[in-house]
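We will go stop by stop.

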Amino acid sequence: MKTKILIVILAIVVIALGVLLGMKFLQKEEVKTADGNVSNEGDPLTVVLDDKKKDEGPKSKYSGNERTIGIIIDNVGDAVPQTSLNEAMIVYEAYVEGGLTRFLAIYKNAGKIDTIGPTRSARPVFVDYVLENDSLFVHYGGSSRALGDVQKLGIDNLNGIESPANVYWRTKEKKAPHNALTNTERIWAYVDKVGYRKTTNERNVLNYVTDSIELEEGTIANVVNIPYSTSKVKFTYNEETKLYERSVGNKVSKDWLTGETLIAKNIIITFAENYTTDEDNGYGRQEIKNIGNLDGYYITNGKAIKIKCYKEKRNSRTLYKDLEGNEIKVNDGNTYIQIVPPTMNITME
């Protein structure tokens with residue numbers, strides 16, 4: 001009798017365990033989310049949907065793996081005004097020689113741009129920033145060291161002196177040598193022809209975000225004066241558009257073809273010592289000491305904060321950090337990076 005009772009009890013236990021295991025297998029584990037709702041964590045479909053949700057939301061206009069194009073833009077005499085600087089993601093400005101400055105415009109996800117330029121020759125300082133942006137390098141000739149660096153470092157480049165004539169053309173509306181132009185269609189066609197890489201695995205140099213960055217603790221920077229020797233650059237903040245308008249001297253800078261005012265969402269100032277070299281037999285070529293820990297400013301939406309600009313080596317990405325050591329977040333829009341000597345008297349008001 002006792003044996004029969006034990007057998008019945010064991011049978012009941014086995015059945016109960018089977019039912020529990022079956023329910024565990026068939027049911028989805030209920031987990032409360034942060035908002036108090038119930039989610040089915042064990043459901044593979046739910047996991048996929050959750051991952052999809054993580055990918056949703058606004059992305060920077062400069063996101064994606066399209067490789068950037070870095071184009072040297074002339075900035076002297078008959079070259080001014082230039083065209084299509086407003087379409088660039090980043091515009092670097094630095095001394096080249098004789099107190100003159102030149103631009104390196106970095107384009108990403110720019111689409112079809114019919115005219116860019118005038119293009120001009122390369123300099124070593126811009127080679128550094130082509131490297132850290134993993135850019136295709138578009139230039140019309142260059143100083144001896146710059147051209148040597150391009151060859152030695154194996155940089156994918158479109159040199160106007162060597163590239164097929166259909167990559168560049170000269171306009172009769174400007175005087176040579178300030179009249180060489182190009183466009184994105186011709187650049188990408190040449191890239192396809194020679195087999196240069198069109199994508200990149202590198203992240204953008206700047207940490208662009210879509211949320212509005214307001215520098216609450218920053219100082220007022222509605223007007224920013226950057227007095228290069230031969231071009232007194234000024235950025236004036238427009239509260240309606242939340243953009244800075246660029247001018248040189250007392251003249252507002254305009255696009256050559258569209259007549260639009262040149263604008264910037266962000267301005268970064270990097271203090272880097274420049275010095276004269278004997279490159280090319282006394283042309284006064286300039287180089288800069290941009291490796292190490294440099295002082296600077298980040299300016300956006302009418303405010304400025306002091307930052308540090310860290311660059312470990314020539315081809316490494318510059319990290320722009322606040323004074324607490326955090327990489328700064330940059331408003332999603334075009335950025336001028338002004339490279340100036342530490343002795344330059346930058347003023348803001």
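Before moving on, note that the model is predicted: local features need pLDDT of at least 70, side-chain atom pairs count only at pLDDT 80 or more, and totals for chains, interfaces and linings use all residues. Residues are numbered from 1 along each chain as its sequence is written, and side-chain values use heavy atoms, with hydrogens and water left out.

**Helix α5**

Select residues 184–194, which form α5. Helices (H or I, at least four residues) and strands (E, at least two) are DSSP runs, numbered from the N terminus. Colour Thr184, Ile187, Trp188, Tyr190 and Val191: these are the buried residues of α5 (buried is under 20% relative accessible area, exposed over 50%, partly exposed in between, with a 1.4 Å probe and protein chains only). Look down the helix axis. The buried residues fall within an arc of 160°, so they line one face (the arc is taken from the directions from the axis to the C-beta atoms). On the other side, Glu185 and Lys193 are exposed.

Now go to the N-terminal end. Asn183 caps α5 there, with a side-chain oxygen 3.3 Å from the backbone nitrogen of Glu185.

**Ser143**

Next, select Ser143, in the loop between β6 and α4. Ser143 is buried, with a relative accessible area of 0%. Show its contacts (heavy atoms within 4.5 Å). Not counting residues up to four places away in sequence, Ser143 touches Ala122, Arg123, Pro124, Glu279, Asp280 and Arg285.

**Two cis peptide bonds**

Go to Pro81, in the loop between β3 and β4. The peptide bond from Val80 to Pro81 is cis, with omega near 0°. Then jump to Pro177, in the loop between β8 and β9. Ala176 and Pro177 are also joined by a cis peptide bond, with omega about 5°.

**Two positive phi values**

Select Asp134, in the loop between α3 and β6. Its phi is near 50°, a positive value in a residue other than glycine. Asp134 counts as buried, at 15% relative accessibility. Finish at Asn301, in the loop between β20 and β21. Phi of Asn301 is near 50°, again positive in a residue other than glycine. At 9% relative accessibility, Asn301 counts as buried.

Methods
A polar contact is a pair of N or O atoms within 3.5 Å; within protein, one must be able to donate a hydrogen and the other to accept it, and residues adjacent in sequence count only if both atoms are side-chain atoms.
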